[in-house]
Amino acid sequence: MTRNNSSSLTGEIRFTAGAQNDKRLESPPIETPAPANKLGSKGGSYDRDIALAEVAKEKKLSYVKAWEKSEKTKADNKAEKHISSIAAWENTKKAALEAELKKIEEQLEKKKAKYGEIMKNKIALVHKEAEEKRAVIEAKRGEEVLKVEEMAAKYRATGTTPKKTIGCF
């Protein structure tokens, strides 16, 4: 972080670019008290006061940094918890819908089999009726052929010709 002396005196908060190009909030520096007798001292208590102020400042900054890290971790954990609960909800809903789909497919298969059986029965019934009609026609044909043969035998026996002739004669 870089400091600007003019901004530290006015108490401004400035954004500066760090080594990783992330923006960080820079707080104004804590002003250290100036010693009363600056001229006569060789710097002993003044240096100690400055060092203590620096230590206090670093302590506060480390507390802020630890608090920031803790809060970020809490936020990350909370977000992860919500994301995992959403994923579990999604999986539950998907499983329920897939089970419902499978159930509907099974019902459709049962209906298909049922209607297939009904159609086969109808086809068999139509075939049976057709066979019965064929049998009736065959029986009528047999009766007519028998009747024609009897009439032909009668005409042969009597020597007469039929009244209805085939169109050729």
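The model is predicted, so local features need pLDDT of at least 70 and side-chain atom pairs count only at pLDDT 80 or more, while totals for chains, interfaces and linings use all residues. Residues are numbered from 1 along each chain as its sequence is written, and side-chain values use heavy atoms, with hydrogens and water left out. The protein has two helices and two strands, which follow the pattern α-β-β-α along the sequence.

**Fold and burial**

- Helices (H or I, at least four residues) and strands (E, at least two) are DSSP runs, numbered from the N terminus.
- Of the 169 residues in the protein, 4% are buried; buried means under 20% relative accessible area, exposed over 50%, and partly exposed in between (1.4 Å probe, protein chains only).
- Contact means heavy atoms within 4.5 Å. Among contacts with a separation of 6 or more, 18% join residues 24 or more positions apart.

**Confidence**

- The average pLDDT (the predictor's confidence in each residue, from 0 to 100) is 82, and 72% of the residues score at least 70.
- Where pLDDT is low, the predicted coordinates should not be read in detail.

**Salt bridges**

- The structure holds five salt bridges, each a side-chain nitrogen of Lys or Arg within 4 Å of a carboxyl oxygen of Asp or Glu.
- Side chains of opposite charge can pair when their charged atoms come close.
- E68 pairs with K72, and their closest N and O atoms are 3.4 Å apart. These two residues are separated by about one helical turn because they are four residues apart in helix α2. E68 is partly exposed, with a relative accessible area of 35%.
- E71 and K74 form a salt bridge with an N to O distance of 3.5 Å. Both lie in helix α2, three residues apart, about one turn of the helix. E71 has a relative accessible area of 32% and is partly exposed.
- E90 and K94 meet in a salt bridge at 3.6 Å, N to O. They lie four residues apart in helix α2, about one turn of the helix. E90 is partly exposed at 36% relative accessibility, and K94 is partly exposed at 45%.

**The second largest pocket**

- A pocket is an open set of points on a 1 Å grid over the protein atoms alone, where a 1.4 Å probe fits, with protein on both sides within 12 Å along at least five of seven lines; lining residues have an atom within 4 Å of a point.
- The second largest pocket holds about 210 Å³ of space, a volume being the space filled by probe spheres set on the points, which are joined across faces, edges and corners.
- Its lining consists of E144, K147, V148, M151, A152, Y155, P162, K163 and K164.
- By class, five residues of this lining are nonpolar (Ala, Val, Leu, Ile, Met, Phe, Trp, Tyr, Cys and Pro), four are charged (Asp, Glu, Lys and Arg) and none is polar (the others, Gly among them).
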